[in-house]
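Visitor: I'd like to learn how to read a protein model, one feature at a time. Could we walk through it together?

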Amino acid sequence: MKNKSETRSLLYDFVKYAHTQFSKNVKIIRSDNSSEFNYKDFYNNFGIIHQTSCVETPQQNSVVERKHQHILNVARSIMFHLNLPKPFCNYAISHGNYAISHAVFIINRIPSAAMSFKIPYELLYKRKLDFSILKVFGCLCFASTIANNRNKFDCRSRKCIFLGFKNGVKGYVVLDTKSREVFISRDVIFHERTFIQLEEQIGQTDSEEDMSYLSYENAGEHVQQQENINTQTKEDINESNDVRRSSRLRKAPDYLKDYHHHIHNSTISHNDTQVMYPISSVLPYNSLDKNQLCLIASISSHSEPKLYEEAVKSAEWRNAMKDEIKALNTNETWCITDLPPGKKSIGCKWLYKLKFNADGKIERHKARLVAKGYTQVEGVDYHETFSPVAKMTTIRLLIAVAATKN
Amino acid sequence: MDLPQGLHTEKPNQVCRLKKSLYGLKQASRQWYSKLANCLYDVGFTQSSSDYSLFTRKTTSGFMALLVYVDDIILAGDNAKHISEVKVFLNRKFKIKDLGRLSFFLGLEVTRSKRGIHINQRKYALDILADSGMLAAKPCSTPITKDIKFNSDENEPIHEEGTYRRAIGRLLYLTNTRPDINFAVQFLSQFVQSPNMYHHQAVNRVLRYIKGSPTRGLFFPSESNMKLNAFSDSDWASCNFTRRSTTGFCVYMGSALISWKTKKQNIVSRSSSEAEYRALASIACELQWIKTLLQELQIETSDSAKLFCDNQAARHIAQNPVFHERTKHIKIDCHVVKERLQNGLFHLLPIK
């Protein structure tokens, strides 16, 4: 917003916007007594109640005033972080507009104490935030040059400063350090720890033309909606303006699906970088040969269903269960009869097991029907149960002998 | 038996009348075993008397051993043709699945190279860690510390006995390839009845130790001889409550560790020599068993095993038929050492 006279059109846009995006109607607008909010016909047209504070009593407009303070505090600290030298203070002012919009962007993405530490963005849009898009404001970045406009020996990228995001465009707003041009690019490499100064430049360009996208937050600051989207709505409204990230589940490309790229990831959580003593540091896999690695990867990564309800969803396990029933039928394991009176039947359940070849391929899905033998009573249902199992020492001895004899 | 899930009949409330045994029944394992054993007898296998799950067959053209763990079978032999014959036979009878060279058996992961065979329980160790939530724990270099307060009277017993017992049970199976945690697990398993906080912390320490080396296991070198070396030791009156001593021994074949044990003795010993002598008695029994097992595997062990013991008095008691004031209460069952020594089962040697 350049002039106060734009207020009316911005207000109109906002009311329409809230209606279209969230099917919410603005019911009350509270403002101070400034004349730019005095549009009686407009409010009547939409049926909005206009509340004003008393003269010289900003306390009555506290929600907006407090939010204003918050946004400016954040924006100021962003600016201080940049540490711009004095000669560039006119740039600082134009930076400031970006800083304010970025401050709003950040505020909407951090947990708010007023909303019991929920994130405003997630509350409004009911979807998880992707924090990976967040970058440090004003950091050094390199934006790719446009392929059509360059020849073989032109620069492949431009040295830029990151200035935030633009509504409705999937890209980053960056400021070229040399030409002072503000533009949007998708292909940007960030160096978030590095902050550089603008280079000296002849002829200044005015970056004002890009300020139009700031429109909503300026309007929003003076608008308070009540009841419909609660108090947080105001700052959330800006949100829809930011770049919508695809909510598609990210996964490895299809051609990689037959491989295990990270062997230790299959058994442990993915964020090892935050763990002080990641388990991967004590698992030396690189000395193994390929076959052994395959086996280890597959026995670690495949999981078996525990319940019938889980297994019945997949075709492999259904077939496995069919096969097992068929095998039991051909063996004539049982015949189906009525339960004799006064007797209880033994329960049974399905167990699911993956069988692997020595090279780690899944050999087959095995479903096994087991009886719940623990309900049996000795003497009634069975008499002798002893059956020998191998002693571990014997196993070790056999392997030791085999090792020596080979 | 109830109808299995997913199987439907026309009439409700019907059940399956079992004509044959099924997995999970109490008698299932016995039924299976007797069937398998009978089949193996038919093709000329004999059951070993030292381990009933070991079946051997010796013919003029070769020797074969077959080890059964319920329905997992290891086959070993010196004649590849015979091995495949037996596989075909078993396949005809039971529809077995040949998994090729031994690589994964009862949770043991077997890796081979030219230098030998390595077995470990990596997956099992990681599972224990994952289930106990210790995957990200800080590893420590020893499984147990010497100065733990284990006075069970002072501390309130914890209420999660189940977790403690489960952890001990799983660790016990892990000792199959991990003699290094054997003592710690043996020690902690004495408290499964009413564990307190200190015991719990000690178990966590063992888990953290495992975290530091989940792939550690046993290595069986291929360049090794078949001679048995055994080491015996004992402490004296280490148990604070009962003043009993702890036996420890390990048996090597060549340079491969095959058997070990840590056990609290069941009688109080009046002297350290007596405790060592008891340890000798238990290792003598173990050696006797391993020797018969080796004979059944057709391995010639003509020369006696070497048994090393660091206690001179215990060696003297075993070697010389003296009857002494301080040894007269030692039970007769311990003098198995004397008898085996005279039979030439082992030589008793000092540790230098």
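Visitor: How many bridges join strand β5 (residues 172–176) of chain A to β6(A)?

Guide: Four bridges join them, and the two strands run antiparallel. Two strands pair if DSSP finds at least two bridges between them. Strands here are DSSP runs of E, at least two residues long, and helices are runs of H or I, at least four residues long, both numbered from the N terminus. Within this pair, A:Y172 stands opposite A:S185 in β6(A).

Visitor: Before we go on, what am I looking at?

Guide: This is a predicted model, where local features need pLDDT of at least 70 and side-chain atom pairs count only at pLDDT 80 or more, while totals for chains, interfaces and linings use all residues. Residues are numbered from 1 along each chain as its sequence is written, and chains are lettered from A and ligands numbered from 1 in the order in which they are written.

Visitor: In what order do the strands of the five-stranded sheet of chain A lie?

Guide: The order is β6-β5-β4-β3-β7, in an open sheet with antiparallel pairing. At the edges stand β6 (182–185) and β7 (188–191) of chain A; each has a single partner strand, so one side of each is left without a neighbour in the sheet. On average, neighbouring strands of this sheet are turned by 45° against each other, direction ignored. Angles run from 0 to 180 degrees between N-to-C directions, and axes are lines fitted to C-alpha atoms, for helices over the stretch in contact.

Visitor: Which strands stand at the edges of the four-stranded sheet of chain B?

Guide: That open sheet has the order β6-β7-β8-β9 (chain B), again with antiparallel pairing. Its edges are β6 (104–105) and β9 (217–221) of chain B, each with a single partner strand, so one side of each lacks a neighbour in the sheet. Inside the sheet, five bridges join β7 (residues 108–113) to β8 (residues 116–120) of chain B, which run antiparallel. There, B:R112 stands opposite B:I117 in β8(B). Helix α11 (residues 392–405) of chain A packs on this sheet, touching β8 and β9 of chain B, and its direction makes about 35° with that of β9(B).

Visitor: How many residues of chain B are in contact with chain A?

Guide: 75 residues of chain B are in contact with 67 residues of chain A. Contact has a cut-off: the C-beta atoms of two residues, placed from the backbone, lie within 7 Å. Strand β1 (residues 14–18) of chain B gives the most to chain B's side, with five residues. By class, that side has 41 nonpolar, 21 polar and 13 charged residues. Here Ala, Val, Leu, Ile, Met, Phe, Trp, Tyr, Cys and Pro count as nonpolar, Asp, Glu, Lys and Arg as charged, and the others, Gly among them, as polar. Strand pairing crosses between the chains too: five bridges join strand β8 (residues 334–338) of chain A to β1(B), and these run antiparallel. One pair of bridge partners is A:T337 and B:V15.

Visitor: Now helices. What describes two packed helices?

Guide: The angle between their axes and the distance between the axes. Take helix α7 (residues 272–296) and helix α8 (residues 312–319) of chain B: their axes come within 8 Å and cross at roughly 60°. That makes α7(B) oblique to α8(B). For such labels, angles under 35 degrees count as roughly parallel, over 145 as roughly antiparallel, 65 to 115 as roughly perpendicular and the rest as oblique. The residues that meet are B:S273, B:E276, B:Y277 and B:L280 in α7(B) and B:A313, B:A314, B:I317 and B:A318 in α8(B).

Visitor: Is the crossing of α7(B) and α9(B) left-handed or right-handed?

Guide: Left-handed, whereas α7(B) and α8(B) cross in a right-handed way. A crossing is left-handed if the near helix is turned anticlockwise from the far one by less than a right angle, and right-handed if clockwise. α7(B) and helix α9 (residues 336–343) of chain B pack at about 50°, with their axes 8 Å apart. On the α7(B) side, the contact includes B:Y277, B:L280 and B:A284, and on the α9(B) side B:V336, B:V337 and B:R340.
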